[in-house]
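Thank you all for coming; I would like to walk you slowly through a structure that may be new to you.

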Amino acid sequence: MVKLTLDKALEKRNIKRYGLAKITGIQYQIIDNYYKNNVTRYDSYVLDRICSALECEISDIIEYTNEEK
């Protein structure tokens with residue numbers, strides 16, 4: 001199972017979802033969906049913008065586990 005960990009990355013950097021939306025230029029609703037792990041298809045553009053804004057690697061916001069939901 002692939003799981004987004006954007007919530008942990010934002011908390012670690014003390015950035016709110018609204019702030020990330022402003023920095024990346026991505027709509028708040030899209031950021032909110034990634035934050036709440038409500039995404040079934042990951043957009044490489046969105047992931048790139050998030051990683052660039054947070055100055056992190058993709059592995060900082062996505063993790064893979066063998067567990068099912």
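**Helix contacts and two residues**

Let me begin with the meeting of two helices, where Leu6, Asp7 and Leu10 in helix 1 touch Ile31, Tyr34 and Tyr35 in helix 3. Sorted by class, the residues of this contact between helix 1 and helix 3 are five nonpolar, no polar and one charged. Please keep in mind throughout that what we are looking at is a predicted model.

As for the geometry of this pair, the axes of helix 1 and helix 3 come within 8 Å and cross at roughly 105°. Because angles of 65 to 115 degrees count as roughly perpendicular, helix 1 and helix 3 are described as roughly perpendicular to each other.

On the helix 2 side the contact is formed by Arg17, Tyr18, Leu20, Ala21 and Thr24, and on the helix 3 side by Tyr28, Ile31, Asp32 and Tyr35. The residues of the contact between helix 2 and helix 3 divide into six nonpolar, one polar and two charged. If you compare the two lists, you will find Ile31 and Tyr35 of helix 3 in both the contact with helix 1 and the contact with helix 2.

Is threonine 5 buried or exposed? Its relative accessible area is 6%, so threonine 5 is buried. Leaving aside residues up to four places away in sequence, threonine 5 touches Asp60, Ile61, Ile62 and Glu63.

The other residue is arginine 13, which lies in helix 1 and is partly exposed, with a relative accessible area of 27%. Within the chain, a polar atom of the arginine 13 side chain lies 3.2 Å from the backbone oxygen of alanine 9. Again not counting residues up to four places away in sequence, arginine 13 touches Leu54, Glu55, Cys56 and Asp60, and Asp60 is also among the residues that threonine 5 touches. Finally, arginine 13 and glutamate 67 are 54 residues apart along the chain, and their C-alpha atoms are separated by 27 Å.

Terms used:
Residues numbered from 1 in each chain as written. Predicted model: local features only at pLDDT ≥ 70, side-chain atom pairs only at ≥ 80, totals over all residues. Heavy atoms only, no water. Buried < 20%, exposed > 50% of the residue type's maximum accessible area, 1.4 Å probe, protein only. Contact = heavy atoms within 4.5 Å. Helix = DSSP H or I, 4+ residues; strand = E, 2+ residues; numbered from the N terminus. Nonpolar A, V, L, I, M, F, W, Y, C, P; charged D, E, K, R; others polar. Polar contact = N/O pair within 3.5 Å; in protein donor to acceptor, adjacent residues only side chain to side chain. Axes fitted to C-alpha atoms, helices over the stretch in contact; angles between N-to-C directions. Parallel < 35°, antiparallel > 145°, perpendicular 65-115°, else oblique.
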